Amino acid sequence: MIEIAIEKRLADFTLDARLEAPDSGITALFGRSGVGKTTIINALAGLIRPDRGRIVLGGDTIFDSARGINLPPERRRLGYVFQEGRLFPHYTVRGNLLYGANRDRRGEDGPSFDAVVDLLGIKSLLERRPADLSGGEKQRVAIGRALLARPRLLLMDEPLASLDAPRKGEILPFIERLRDELKLPVFYVSHEMEEIIRLADLLVILDAGKVAASGSVEELTSRLDLWPLTGRYEAGSVIRTVLRGHDTTFGLSELAFSGGRLRVARVALPLGTPIRVRIRARDVVLATERPAHLSIRNTFAGKVVELAPPRGPLVDLKLDIGTDTEPVMLWARITQRALQELQLAPGKPVVALVKTVALDRHSWGRYENGEAETA
């Protein structure tokens with residue numbers, strides 16, 4: 001278990017963060033710029049000293065203001081990947097990697113040089129220098145250098161923030177492999193929900209220096225009261241599914257959950273893989289009876305559970321499209337005029353429709369340590 005309870009005053013900003021996270025999986029610190037995400041991981045790394053409080057990693061106290069404990073960064077066994085690679089320009093990729101491996105941790109568990117090179121797909125880069133690398137390649141090397149320091153916890157401070165969309169798409173699969181294959185606990189800072197959906201096991205939402213909420217991605221992204229922090233325009237639901245089949249004729253895959261099967265563009269993963277899918281409220285269409293002759297392939301029977309207070313001409317509705325024993329929550333956003341004309345209210349049966357093309361690769365991610373529903 002990772003325990004953090006710290007306070008830190010920085011100019012006109014005060015951090016008062018208290019959270020617990022498992023010592024496995026990816027814990028995502030999410031929030032707008034300036035809410036304290038980087039301050040927390042810098043305190044973990046020993047780069048800043050909290051004014052008061054306590055930090056415990058796996059039963060080891062690395063900071064305790066009351067007891068006068070403040071381990072220096074080199075004794076905390078943490079790896080740090082910054083927004084930009086910060087590679088040594090006069091070293092080759094091999095030299096940068098070996099800089100991390102040269103620390104005196106030979107008796108400690110951790111991946112070998114060859115294993116890290118293979119994991120990150122950087123064998124062909126070993127003799128090149130940072131000036132000859134793309135942004136995505138630099139970040140992969142930076143991750144490798146941090147891993148070869150054999151940390152017990154990896155800190156990643158918005159590692160994709162400086163990359164464009166194609167380079168982000170290049171890096172994300174490697175971070176997923178790091179999570180799935182090395183089983184190394186990671187604190188991952190981001191303000192991009194796409195990254196959170198794909199990577200996070202535990203989501204911690206920060207606001208004004210405090211922890212506003214902590215829990216599963218599915219729970220927190222579906223809470224209406226948190227939408228001002230998670231982004232109302234991109235608000236929606238996250239549903240746990242299992243990859244159950246492929247339609248090879250049309251290049252589609254089927255993801256099963258207790259409410260049925262969700263068709264998406266082909267997912268190149270083994271059958272049985274647990275997959276977490278994000279469905280934006282603005283991508284859900286509602287009907288009062290099952291329609292015919294439509295191009296939309298995903299239709300789910302459900303009922304209205306809750307109406308959110310309207311904002312302007314729009315209103316959000318919470319639906320249950322699961323079963324009596326396994327409810328599945330889905331948010332939909334429609335106009336107030338549609339709400340009135342369809343006479344929608346809590347308890348009213350509805351049919352929810354979701355376009356397959358709305359669920360691209362940015363809408364889903366694998367997850368572990370959970371039992372997805374099997375329709």
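Let's start with an open sheet of 5 strands, ordered 14-13-12-15-21 and paired in the antiparallel sense. Strands here are DSSP runs of E with at least two residues, helices are runs of H or I with at least four residues, and both are numbered from the N terminus. Two strands count as paired if DSSP finds at least two bridges between them. At the edges of this sheet stand strand 14 (260-265) and strand 21 (364-366), each pairing on one side only. From one strand to the next, the twist averages 40 degrees. Angles like this run from 0 to 180 degrees between N-to-C directions, with axes as lines fitted to C-alpha atoms, for helices over the stretch in contact. Further in, strand 12 and strand 15 (residues 274-280) run antiparallel and are joined by 7 bridges. Val242 stands opposite Pro274 of strand 15.

A word on what you're looking at: this is a predicted model, where local features need pLDDT of at least 70, side-chain atom pairs count only at pLDDT 80 or more, and totals for chains, interfaces and linings use all residues. Residues are numbered from 1 along each chain as its sequence is written, and side-chain values use heavy atoms, with hydrogens and water left out.

Strand 12 (residues 236-247) turns up again at the second largest pocket, where it gives the most to the lining, with 3 residues. That pocket has a volume of about 190 Å³ and is lined by 11 residues, of which Glu218, Val238, Pro327, Val328 and Met329 lie nearest its centre. Pockets and cavities are found on a 1 Å grid over the protein atoms alone: a cavity is a set of points where a 1.4 Å probe fits but cannot get out, a pocket is an open set with protein on both sides within 12 Å along at least five of seven lines, and lining residues have an atom within 4 Å of a point. Grid points are joined across faces, edges and corners, and a volume is the space filled by probe spheres set on the points.

Now for the other open sheet, which has 6 strands in the order 7-8-9-3-10-11 and mixed pairing. Strand 7 (78-81) and strand 11 (210-215) are its edges, each with a single partner strand, so one side of each has no neighbour in the sheet. Its twist averages 20 degrees from one strand to the next. Strand 3 (residues 26-30) pairs with strand 10 (residues 202-207) in the parallel sense over 4 bridges, and the bridge partner of Ala28 in strand 10 is Leu203. Strand 10 also supplies the largest share of the lining of the second largest cavity, 3 residues. That cavity holds about 30 Å³ of space, and its lining consists of Gly31, Arg32, Val35, Ile205, Leu206, Asp207 and Leu229.

Helix 1 (residues 37-45) lies across strands 3, 7, 8, 9 and 10, running at about 150 degrees to strand 8. Asn42 sits in this helix. Is Asn42 buried or exposed? Asn42 is buried, with a relative accessible area of 16%; buried means under 20%, exposed over 50%, and partly exposed in between (1.4 Å probe, protein chains only). Beyond its neighbours within four places in sequence, Asn42 is in contact (heavy atoms within 4.5 Å) with Leu47, Ile48 and Tyr80.

What about the nonpolar interior? In soluble globular proteins, nonpolar side chains tend to be buried together. A nonpolar core here is a set of buried Ala, Val, Leu, Ile, Met, Phe, Trp, Tyr and Cys residues joined through side-chain atoms within 4.5 Å. The largest core has 33 residues, of which Leu97, Ile143, Leu147, Leu154, Met156, Ile175 and Tyr188 touch the most other members. Elements supplying at least two residues each include helix 2 (93-101), helix 5 (165-182) and strand 9 (186-190), while helix 4 gives the largest share, 6 residues. Apart from this core lies another, of 30 residues, among them Leu269, Val304, Leu330 and Val350.

Ala11 is not a glycine, yet its phi is positive, near 55 degrees; Ala11 belongs to the loop between strand 1 (2-10) and strand 2 (13-21) and is exposed, at 69% relative accessible area. Arg77 likewise has a positive phi of about 55 degrees without being a glycine, but Arg77 is partly exposed, at 24%.
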